[in-house]
Amino acid sequence: MSAYLIIIRNAVAESASYRLNQIVSFLTISLPLVFAVFLWKTVFNQVDEITNFDLPSTLTYYLLVVLLQDILYSGVKWEIVDDIHSGGLTKWLTKPISYLWMQVSVRIGTNIPYFLVAFILGSVFVFLNLNRLVWTTEPIRWLMFLAAIIMAFFLAFFLSFGFSLVAFWTQDTSGIEFAISIFLPLLSGQILPITFFPKEFQAILVYLPWRYTLDFPIQVYLGTLSSVQIGTGFTVEFLWLVALYFIAKTLWKNGLNIYQAVGG
Amino acid sequence: MTISVQNLTKIYKRRLLTQGQYSILKNFLKPTYEKVQALCNISLTIGQGEMVGLIGPNGAGKSTLIKILSGILVPTSGDVRVLEHIPWAHNKTCQSQISLIIGQKTQLWWDLPALDSYELLKAVYHIAANDFDKRLARLSEMLNVTDLLNVPIRELSLGERIKTELIGGLLHNPKIIFLDEPTIGLDLSAQYQIRSFLREYNSLTNASIILTSHYVRDIESVCDRIVVLHKGQFYYDGTQDALSEKFIPYKKLMIHHQPGEYSWRLDPSVVNTSPDQASAYLPVDQVDDFIALVVSQSPIYEVVVEDETLEDLIRRIYNRLSK
């Protein structure tokens, strides 16, 4: 078995050893979903549609946000910051293995138990709101959704990896973490679908990477985007993916030159 | 040569926080740094199978040297070759033949049994299944941890954990093993087991061992060659025997005498432990004269003369270095 598959397996086993943590964290982040149902039902009692969203597409949007937001998280990862600040990188630097791909594998592995819990609880939500959700049967839309999710995973990872590597240059990343925690939900579409924002704001957001980590894949699934918007979206996402990969590699290389391996 | 170091220098940048009025603002707007020279123009070579002990007071540069040799730190200047590769270039061939074991850091997955981490190492180093099984069986038997391989690391005692770390670091049969304080915090029995293991492992595999430790017994038992570092420079590089020859050997005297006030008890080299007992620590060429003086002044029950231990000698060197 490849080393990276074993890392995924070990990360699953490690993550699953904290089962209660998985369930509690999922319940905590799914609470806004319950509020979203009440809020948007009230809103759509007054209006039929906002931009091209109706009640089923809005509720489906928030369900997918809850299911995907953890695996597509693009903020600072404290595990990487801690590896840099407390010398934990050391154990990986002496081995013939890539730290970047090791971290990708860890992220996949740690998210699998979470995703399973999310899937089970999400299914309950789907069952209770069956007639109020969007279910697509178009294979092409499923394929595009899958492609957008895979690209979003790597895009979010490279963003997250890049921000975390700032720890090479600063002892305290809490300022960056705070800024990200404020802006990320807004820029990624976690709070509202991007198309709910004013046109001028949307025009900027489509060229920033964060929108592609949540809003774009979900809207691809919902079919709320035109073919031109989908084509442009995939192109911009791909360009960001390539750019962020090289930025992450450059930060890593330069960071290692000043790494001090403090505390062992 | 397994390891070759030429004119190696490492300078760190360390942030200074100023005190006083508006210090927070000053530190934020205009951070100040100082340069710390961890290693200063050092050169050495280490051959295959050598067991080298790096010693020196805190801040001497031991860990920095090990971290540069194992590819973790990039030096400021100088040429370093480990198995003919530049270590910080992270060449996979080189990485597959070295191992770094740090006593106070775990390299294994904390919440999982050691076996899960070993499976990963087997894949990382492309160890054949047959070799893996044989090495794991032999190492776990040598270290007496066969029954602990299925226990999560977090549930092991410190001594057990270090042993499982050692196995993890040796499964790929490295040609060079870097050990940074491998016995730190261990009880005497566990320290002894680790030392015996390292000697046995070296004789079986001819691996080079580069060891740093503040426990002189580790160095004394494991290493044939000692390198004393002080403020980033080599103060001594040679065998254990030559070390005590270079620094005039001392003897330890234990004197049991009839109680009384004698002038020799006021000598600076004498420690009076009780009214009828004293010990003295003297250069070997002064021992006979001192005993003659003691015997001439006081009735003696017993005088025991012992050779200086390596620990005493190293303490003496550190004292000299700190002056």
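Reader: How much area do chain B and chain A bury between them, and what percentage of it is on carbon and sulfur atoms?

Author: Bearing in mind that this is a predicted model, chain B and chain A bury about 2600 Å² between them, and 60% of that area is on carbon and sulfur atoms.

Reader: Which elements give two or more residues to chain B's side of that?

Author: On the side of chain B that touches chain A, the elements giving two or more residues are β1 (3-16), α3 (92-95), β5 (98-102) and α4 (114-124), each of them in chain B. The largest share comes from α4(B), which supplies seven residues.

Reader: And how do the residues on that side divide by class?

Author: They divide into 15 nonpolar, seven polar and eight charged residues. In total, chain B brings 30 residues to the contact and chain A brings 31 residues.

Reader: How many salt bridges go between the two chains, and how many residue pairs are in polar contact?

Author: The count of salt bridges between chain B and chain A is zero, whereas six residue pairs are found in polar contact across the interface, with both residues of each pair at pLDDT 80 or more.

Reader: Switching to voids, how many cavities of 30 Å³ or more does the structure hold?

Author: There are two cavities of 30 Å³ or more. The largest cavity has a volume of about 160 Å³, and among the 18 residues that line the largest cavity, the closest to its centre are Lys91(A), Lys95(A), Gln107(B), Leu121(B) and Gly168(B). Two or more lining residues come from each of α5 (90-93) of chain A and β5, α4 and α6 (158-170) of chain B.

Reader: What classes of residue are in that lining?

Author: By class, the lining of the largest cavity has eight nonpolar, seven polar and three charged residues.

Reader: What volume does the second largest cavity have, and which residues line it?

Author: The second largest cavity has a volume of about 30 Å³. Leu93(A) and Thr94(A) line the second largest cavity together with Ser70(B), Gly71(B), Pro87(B), His90(B), Cys94(B), Gln95(B) and Ile98(B). By class, that lining divides into four nonpolar, five polar and no charged residues.

Reader: Now pockets: how much space lies in the second largest pocket, and which residues are closest to its centre?

Author: About 1400 Å³ of space lies in the second largest pocket. Of the 41 residues that line the second largest pocket, Gln260(A), Val262(A), Tyr12(B), Lys13(B) and Arg14(B) are the closest to its centre.

Reader: Which element gives the largest share of the lining, and what is the division by class?

Author: The largest share of the lining of the second largest pocket comes from β1(B), with six residues, and the residues of that lining divide into 17 nonpolar, 16 polar and eight charged.

Reader: Last one, where is Pro259(B), and which residues does Pro259(B) touch?

Author: Pro259(B) lies in the loop between β10 (250-257) and β11 (270-274) of chain B. Not counting residues up to four places away in sequence, Pro259(B) touches Pro275(B), Asp276(B) and Tyr301(B). Pro259(B) and Gln277(B), which are 18 residues apart in sequence, are 8.1 Å apart in space, C-alpha to C-alpha.

Technical notes:
Residues numbered from 1 in each chain as written. Chains lettered and ligands numbered in written order. Predicted model: local features only at pLDDT ≥ 70, side-chain atom pairs only at ≥ 80, totals over all residues. Heavy atoms only, no water. Contact = heavy atoms within 4.5 Å. Buried area = accessible area lost by both parts, 1.4 Å probe. Salt bridge = Lys/Arg side-chain N within 4 Å of Asp/Glu carboxyl O. Polar contact = N/O pair within 3.5 Å; in protein donor to acceptor, adjacent residues only side chain to side chain. Helix = DSSP H or I, 4+ residues; strand = E, 2+ residues; numbered from the N terminus. Nonpolar A, V, L, I, M, F, W, Y, C, P; charged D, E, K, R; others polar. 1 Å grid on protein atoms, 1.4 Å probe; cavity = no way out; pocket = protein on both sides within 12 Å on 5 of 7 lines; lining within 4 Å. Points joined across faces, edges and corners; volume = space filled by probe spheres on them.
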